[in-house]
Amino acid sequence: MGQKTIIPFGPQHPVLPEPLHLDLVVEDEVVLEAVPQIGFVHRGLERLVRTKDYNQFIYVAERICGICAFGHSMGYAETIEKLMDVEIPKRAEYLRVIWHELSRVHSHILWLGLAADAFGHEALFMHCWRLRERVLDLFEKTTGGRVIFSVVKVGGVNRDIDRGTLDEFVRVLDGIKDEYNQICNAFLKDPSVYNRTAGVGVIPTEDALALSMVGPFARASNVNFDVRMLGNGAYGDLSDFQLVTSANCDCYARMEVRAAEVVQSIEIIKELAAKIPEGDIAVPVKGAPADGAEACNSLEQPRGECFYFAKGNGTKNLERMRMRTPTSQNLAGMAVALKGCDIADVNMIVLTIDPCISCTER
Amino acid sequence: MFKLGKMTFGSLFKKPETVKYPFETKPQPQGLKGHIVLDADNCILCGMCEKSCPTDCITVNKENRTWNIIPFQCIQCGYCTQVCPKKCLAMDPNYWAASVSKSTNSIPVPDQKKDDQKPAKAAQCNEPVANAEKEPEPAKPASDADVKEPVAIDGELEAKLAIMEADKAERVRKALLSR
Amino acid sequence: MAIAQEFITLPLGELRATAHRMKDEGYRFIQTHAVYNEPDVDLYYSFMKDGKITNWRIEGVTKEDAVPSITDIFLAAFVFENEARELFGVDMRDIAIDFQGALYAPAESEPMRVITPEQKAAIDKARKAAAAKAAKVSGSAASADATTASAPSAGKKFVMTPEKRARFEAKLEGRSPEQIEKARACLAAKEAAASAPAATELTAPTEKPTPAAAEPVNAPVVETSQEKDADLEAKLKMMDSEKAAKVRAALEHRGAPTAAAPETAQAEVAHSNDADLEAKLSIMDADKAAKVREALSRHATMKGGE
């Protein structure tokens, strides 16, 4: 038996995409305990609601995170619409969901690339990011931005997508599907990848529930929860929504779930693009949220459930805006998953929760 | 073992996905949020863009009749283009040119018959106000009149001061207090 | 279809029992957050089951209240509890992963408790406008008369009509307990005297949410008679301390003789219309309202100058 050592891991580390610090208590090669520490990129965005009015804050909200940018603006707008009792046109709901699912596609492909990079498969990483570029081009074309879209507003959306462009969406997504399947083959069938991830960082279903984990991280532990199945907005019009879950509960399962969710998102986009109704894309929103009014909302972001809370005070500025992002829920699960793993697996486990520390700290 | 072999091998013979950037650029799609352009001929200097800008990068100077923007502060959100009542702000697909120092772009706005645009708005309050388009200067004599009746100062002057620019309001207030 | 939500108030003592119950009933813990509700903090604990979000709200948590951690029941709460302690100054006890105030290590302590005077003024103004609107909706001609009577103009007697009482209560809602107490005390004193105007028509409702609003040039300096002093005091008490200090300074500066200037008829009318106008303005767009206000005030001063 060796002696206990504490290894500091992060916030600046080659395998970490985000500034997360871990104190790893290590004995020999085994991690006995991992204490997470965040707080390196706190920007105080929640406080900005006092100085920016509720229309301006949408541009703050989407800058919480680069990858979930669309999700944050959509979740924020839905919350304010709930707070002010605004009903938005059906077409706007559809457009939002189409864009949101598209950002799930790009977020998951980006994550798959990072995972490939983490286990040392450079070529796979390049291929993933090459495919993601096609999705970003679709965004660039329809919203005018590659990362920050600024296309949602309280009461609807700013830009419409015409029929021709929607058809192009479907064409492009079908086009990447073939290549994407080849990439998935490499991820899910390659024995070297399997050996690296299977049985690593196991969290049983009961623990996942007790730790209130969310998103693909939880679904890989066979938790049957996805906010999309509650049918909020245009999700309610889907003919069929099947949860993607896996019973393996390890890093391999998390990869499997995310890989399958990309295909699911593409199907959702295709269905909604075929069903989208004609009509307005926004309703005018006047006035200010009532004093003391409260509303909460939740949205399935690529990384998991994101919770929003808003409280009005009668002025155009909100009294309080709260955004609970998926990563802060998953940190506890990550700390538990790290217990008892090999030190070489730490980066794999940290990556499979898809941490977004900037989201968590806002 | 070679699940990715076909794809990777195929890439050897395909056209590269990337472009040789400085010599070749990707075409900008229509509607890309590159930078804000102002159609100065239609601008009425209403200040809506200044009020709505989340980063306070736009300033509208009514006295000098200029519309100013600090490109480094602009986040290309496009909110100003939405709120502009005359739709004279637009997003150009080309990005701002790189620069070595922070600067302010000042765009002069030509003076037009200002009376035919503004009265429509003032008319909403159903008040027989003749000079609806208020140039900042004439505000001073008006506020001097207020001083004679302290009651009138209370609410009304305060409202006036509030909508003035900060430094002006300060001057008026000083004048008031000195009496 | 929006996601169902409910907000339930919970006493602080029952927090842990409720958390245990939620866990036993199979609720999923969503999050914890704090809301600054002057001068205390409200804590929210959110859970979800069957697509419904249940928010337990613990109101009025003071700095002295020790809040037990629920991290032994739901470990995921550790980030939020550390956050509430650092940003709101809530005294959280026994957090499983305790950062000892080093989570964000903000430059100023309890940054989320800060509300600048301008923001405060804007909120107060909105509350007044909402109260005025509510009064306008509830009452018809009678309440309109009451509104006129309640304007602080010299010579009008103080009569507490039921409508006014309702309006007063509406205004008090949302203020801190001390303020409410003070205002009530003043009201009682005035009812006894039955000579001073209503204390509730405070700083002119035409205030704007800009720095200008914080400087009360619009202090009620015109009031001269002795019985007005009590009224004035009531007003000052409702203001925040620095504002009150400024008003007092302004009062002394001007002195009694200048303040004795008679009110013009126009001004009186303008004041009595304030409440109605404010109600109208409050339902308008901010920019529009500003324009209307500008036009109105110019109109009034033109008349006054004649």
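**Note on a predicted two-chain model**

1. Chain A has a secondary structure of 12 helices and eight strands, where helices (H or I, at least four residues) and strands (E, at least two) are DSSP runs numbered from the N terminus. The model is predicted, with local features needing pLDDT of at least 70 and side-chain atom pairs counting only at pLDDT 80 or more, while totals for chains, interfaces and linings use all residues. Residues are numbered from 1 along each chain as its sequence is written, and chains are lettered from A and ligands numbered from 1 in the order in which they are written.

2. Of the 362 residues of chain A, 60% count as buried, that is, with 20 or more other C-beta atoms, placed from the backbone, within 10 Å of their own. Among contacts in chain A with a separation of 6 or more, 70% come from residues 24 or more positions apart; two residues are in contact if their C-beta atoms, placed from the backbone, lie within 7 Å.

3. In chain A, the axes of helix H2 (residues 69–84) and helix H3 (residues 90–118) come within 8 Å and cross at roughly 145°, the axes being lines fitted to C-alpha atoms over the stretch in contact and the angles running from 0 to 180 degrees between N-to-C directions. This contact is made by A:Phe70, A:Gly71 and A:Met74 of H2(A) together with A:Arg96, A:Trp99, A:His100 and A:Ser103 of H3(A).

4. Between the chains, 17 residues of chain B are in contact with 21 residues of chain A. On the side of chain B that touches chain A, helix H1 (5–11) and helix H3 (79–83) of chain B each supply at least two residues.

Notes
Buried ≥ 20, exposed ≤ 12 C-beta atoms within 10 Å, placed from the backbone.
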